[in-house]
Amino acid sequence: MTTKYLKKKINELTQGTSSNSAKLDTEISESLHPNHFTVCKVVRHGFPFEPTAMAYDPVQNILAIGTKNGSLRIFGQPGVDCHERHDSDVAIIQIMFLINEGALVTVCADNSLNMWNLRQKRPAILHSLKFNKEIITYCHIPFQSKWFYIGTERGNIHIANIETFTLSGYVINWNKAIELSRKTLPGPVIHLSDCPTDQNKLLIGFESGTAVIWDLRTKAAENRFNGAQPIRSISWHFEGRQFMCSHTDGSLSCWDIKSPSKPISVTYPHGKVAVKGGKPVDPCAPIMKVEWKSAKLGEPYVIFSGGLCQEKGGTGTPCVTIIQGKNTTVLEMEYPVIDFVSLCETPWPTENQDPHAILVLLNNDLVVIDLMSPGYPCFENPYPMDLHESPVTCVQYFADCPADLIPVLYSAGSNSSRKKTSYSKKNWPIKGGQWGTGGSSDQEIIITGHADGSLKFWDASQVTLQVLYKLKTAKVFERGKQHKSLDGDEEPYAVQKITMCPDSRILLVAGASGHLLLYRFSKLEASCEITSLEISIVYEVEDPDTPETELPPMPTPNSLKRNTSTLSAESTAGLSNNVPPPAAPPSPNPSTGAHKPSTSSGEGMRDGVPNLKVKSGLQKYTMGYQPDLCCQLLWTEGEPPPLVTCLQINSFYGLIAFGTVNGLVIVDYIQKTCLLHMGTPNLYGSADPYQRTPRSPKKPKVPQSLGDIVEQLTDSERSRQATGAVAAAEQPNGICVSPTGNNSKKMKSVTDGKLTRSKSQTSSRRVTKTQSNPCDTGANGDRDKDSADASGVGGIFSGLLSQSRSTFSLFGSQDRSESSFTQSRSSSMSSLDRESKEGVQSLYFVESYARKTDPVTGQVIPETEKNPITSPCLWVGTTLGSTLVIVLSLPPPGDQRISQPVFVSPSGTVLCMKGTILNIAFLNSNGGLISASTEAWKDMNYEQKEGEREKKKPSMPPRVPRISPSASTEMADRQFAVITSEKESKVISLPSQTCAYRAKIAESSYVVKADVISMPNKELCLACYIANGHVVIYSLPSLRLLLDYDFVPLTDLRVGRTFQFSAHGKALYQCSPTEIQRLTVCAEHSNSLHDMLGDLFIPCTTPEAPSRGFFKNLFSVSSGSLDRQELFGENSGKPSRSIAKHVPGTAGMEAVKAQSQTVGGEIARTKLELIKRGEKLSETEKRTSEMMQNAESFASAANELMKKQKNKKWYQL
């Protein structure tokens, strides 16, 4: 009988098992339908990435920021934040508000202008104007004007109507604006503005240094001002008689409109000038922008950015300078200045502006300067714009936290943080908009990990983020000689993975140096010493230099002993006559389960040492999260520790597990002991479904893994293990457990004798991994079929796959030289190990069925129990598509949990799928989620109260059994394991391990993130984010497709690395280095989003225009009011159709709603004006009547006086 025939029969058996799985004993009703789902962005947090433009509405008090990728962020008061984006990824070069009109215009780099309506929750584009032949460089919208000016790169100025977004026939050509004698082009238009006191005069600034005052009525240039240096910006004085220009050489020139021949003054604010009126000795940075603002009391303000002296080849320090009279204040900035705007009380340019603050947009920050306080302090920014204070490396989202978690984190954060007194005491000046009426009742927390090792806890329950607590993990380590992280970066403390148990408040953090920290929350200050476990993960390949040897059969162990992935030197001392016993290794630390680090020789190869050094002795920690345990993976033979790929914690078991790119580690954090640290290939044993081809002659197999030892166990011994028997705890061989009790000294670490090396001798074996390739479908039981268990046919698979499983070498240190050892290592690991490493990608602690039962008879294979019971398990998903099950044997809670050991043992179950295993979840027989048991939080710094620590399981709402009446509940499967890989998802019935349902998720692409989430109605579904940008939702357990939405393609790996699904259909991802985007897949949340978002536009009255006195009117330069409609309307002619094209907005119904809101707003405003007019008329009438009464009383008094004096003689007067 050939091997192929056996494989064929095995496939037929597995297929038959899967076909029966379709007729399961239980049928679970599902209430979720496609109309329950949609994908909608909620809100974006953080600082706008790569900002390019900024604008401010002084009446509505709202701020708009545009970015390089076309995003538009609008900020009001804290809690009012809106994000929209253009259809294409084009930079926004300018933003202009229609002041107090509820609209703004964006100018983009693709030569398009877009009108945004802000009178709705979600701003939308109403009109677009796309230029075809000219490049837009600068635009200007006069206050309360229906026409705006558009300057181009050629020097032409076009005029467009705001309401219709169409061009006027009125055009100012560059050749008419400059002098006829000029032979060169004036360059792009960099400034356009009306004269504050004369709307008929338009000031045009060209980049070459020429400024022109254009008379709109006469269509001719009134004056031309020729500067010596290129112009960057221009600002009017409010009286309209002078203007100021900033130049590229760091100078400011002031011009009088009546004297165009030369400037009034030319100054270099930061340049050292040797001769008065000359150029500075050292070159100065360009002054990119200048504003000339008047003040009612005191001298006017001159505010500009740039202009500092710069070193040769340098660009100068970014700064903002404030000059008032003889006082000059230079405010240096941390990042380059993009733009700044001075905040004034009035929008009218003809009135004293009296600026009270300055908005400064930096490349990575927003700074607001208080001009009313001495020293010009900054306002404390209430927006979460410090999200990227240190680069974000990891994000974790908890959308359903306990109600008491956010208050205690806020309390801990407020106690630990010291408030800075250098901030301004005035209120935040950006106070526009209005909060939404609705909101989420969920307690949501976002945890961000950063490159400097810090963690920030954010309250995400509302629209805006609020920082709760900050934790610095770098404080755990000594600040000595710094090493690079494992991926070569300069940040050895960078956070890579985060997980937290909200109920017990235990936090687990994995760093870039192969370290893992466990924190406990405490309300008290404490001084404690951190326990450190040093762990090494090793695994073997054949050594090509070692001849094949024969080893006697290993004795059958009765129990699993101290955890390791290799055997100790003592346990293998007499196995072979050809291999002498190795030298005695250094004595290991019996409490850590890992060897002591070896010292590296000088600057040579690092071996057996961690990447960082933990602080020793007692350390004082404040209220909040305090470190309790540190696990560090070690360097081995000059190779860095593997990176941590996944984390899992179970506070009820007292265990943590983390996977790496090449293995698995299980740690008991109660007893501070490592239970298991093993390479992934060694977890299979003889049940390995992959062909791992050795590179050297095969040698007799020595048990080196969990699976290998389990092969030698009898069924009765397995049964005793499952019930937690510890009768044979002193066996010298095997895999061990936590070393507690009286036998802790005898339970010697097998790994400790193998992993430590010294200069003079090789007391440990160097073990590496052979090439591992997936076996063909015949040997694997056809993984495309519905079979869920590669080893489900018991011993047949064990015998069939034994010929292709990994083989290992065992050699002593006395007959192996360092050179031959190095040669062996390099030949099998340098190129092979990088390509064929099998890592652990997902972990899940659960009370589950670890072994298979026959779906017909219900008998356990190989156990003899008719009705198996659940046991604590750890399900492990690997990068090659395998799912392994490890059984955990835990002592009873209380004192026994502290004193007795924890046993880990394999179950022999291997489930195979296509692609990397991304997620593992479990459902009960009613379709409810089986969550991991948790422990209630208790402050460890308080004195231990009477009784044992209270432990609880998460309360699940009662569910009505929905098992089919025809089903046999006695033999029915009791659980469903939902396993999702990069390609597919399967629902496995337990304990029969039959595939109940299967769905192919991605054919040509792959799944990036998958998770089983709950919806608001407590129903469960499987949510997946695919690399092609689609978000798909499947029902559970039937895996019916409910939603397939084209969302965001995986163009940035940051999106895939940070994409997180959470409870109630909520999710988030990091969309840029400085921003986090929240979204929802729940239609109910999407419908309520309109009420949750704030209003950007609040109808209010525009401040009245300043009254002009008699003398101002007499000596004004104005030539009367300007009728722009008559000048730019139909009388100006028809524009050329080839210049620009009008594009209707894509707002759809939102535009209609916006128009209706606009009409309603206009009606309301008209009513308000009528009411005010009526009040004024009544007041005038009242005053008129009072004057009439006074006149009548005066007339009567005069008449009486006349009568009294009428008959008197002149001498009697």
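User: Hi! Which strand does H191 lie in?
Analyst: Hello! H191 is in strand β14, residues 189–195. Helices (H or I, at least four residues) and strands (E, at least two) are DSSP runs, numbered from the N terminus. Bear in mind that this is a predicted model, where local features need pLDDT of at least 70, side-chain atom pairs count only at pLDDT 80 or more, and totals for chains, interfaces and linings use all residues. Residues are numbered from 1 along each chain as its sequence is written, and side-chain values use heavy atoms, with hydrogens and water left out.

User: Thanks. Is H191 buried or exposed?
Analyst: H191 counts as buried, because its relative accessibility is 7%. Buried means under 20% relative accessible area, exposed over 50%, and partly exposed in between (1.4 Å probe, protein chains only).

User: And what is H191 in contact with?
Analyst: Leaving aside neighbours within four places in sequence, H191 is in contact with Y138, L203, I204, G205 and I234. Contact here means heavy atoms within 4.5 Å. The side chain of H191 also reaches the backbone oxygen of I234 at 3.5 Å. For a polar contact, the rule is a pair of N or O atoms within 3.5 Å; within protein, one must be able to donate a hydrogen and the other to accept it, and residues adjacent in sequence count only if both atoms are side-chain atoms.

User: Switching to rings: how many aromatic pairs are there?
Analyst: The count comes to 25 aromatic pairs. Rings of Phe, Tyr and Trp (its six-membered ring) pair if their centres lie within 6.5 Å; planes under 30 degrees apart count as stacked, over 60 as edge-to-face and the rest as tilted. One of the pairs is Y844 with F922, which is stacked at 5.7 Å centre to centre, with 25° between the planes.

User: Where do Y844 and F922 lie in the chain?
Analyst: Y844 is in strand β46 (residues 840–848) and F922 in strand β52 (residues 917–924), 78 residues apart, and the pair links these distant parts of the chain. Y844 is buried, with a relative accessible area of 14%, and F922 is buried at 0%.

User: Which residues do ring pairs link into a cluster?
Analyst: F457, Y469, F521, Y625 and W937 are linked that way. W937 has a charge on it too: the charged end of R505 sits over its ring, 4.1 Å from the centre. Elsewhere, the charged end of K289 sits over the ring of F340, 5.2 Å from its centre. That call needs NZ of Lys or CZ of Arg within 6 Å of the ring centre and within 35 degrees of the ring normal.

User: Now helix α12. Which of its residues are buried?
Analyst: In α12 (residues 1083–1092), the buried ones are A1083, H1085, S1086, L1089 and M1092. Seen down the axis, they fall within an arc of 165°, so they line one face of the helix. That arc is taken from the directions from the helix axis to the C-beta atoms. On the other side, E1084 and N1087 are exposed.

User: What covers the buried residues of α12?
Analyst: The cover includes β1 (37–46), β63 (1066–1072) and β64 (1075–1082). Those strands also belong to an open, antiparallel sheet of four strands, in the order β1-β64-β63-β62. Its edge strands are β1 and β62 (1060–1061), each pairing on one side only. Two strands pair if DSSP finds at least two bridges between them, and two bridges join β62 to β63. Q1060 stands opposite L1068 in β63.

User: What about β60, how many of its residues are buried?
Analyst: Five of the six residues of β60 (residues 1030–1035) are buried. β60 pairs antiparallel with β59 (residues 1020–1026) over five bridges, and C1024 stands opposite V1032. These two strands form a hairpin with three residues between them, and G1029 in the turn has a positive phi of about 100°.
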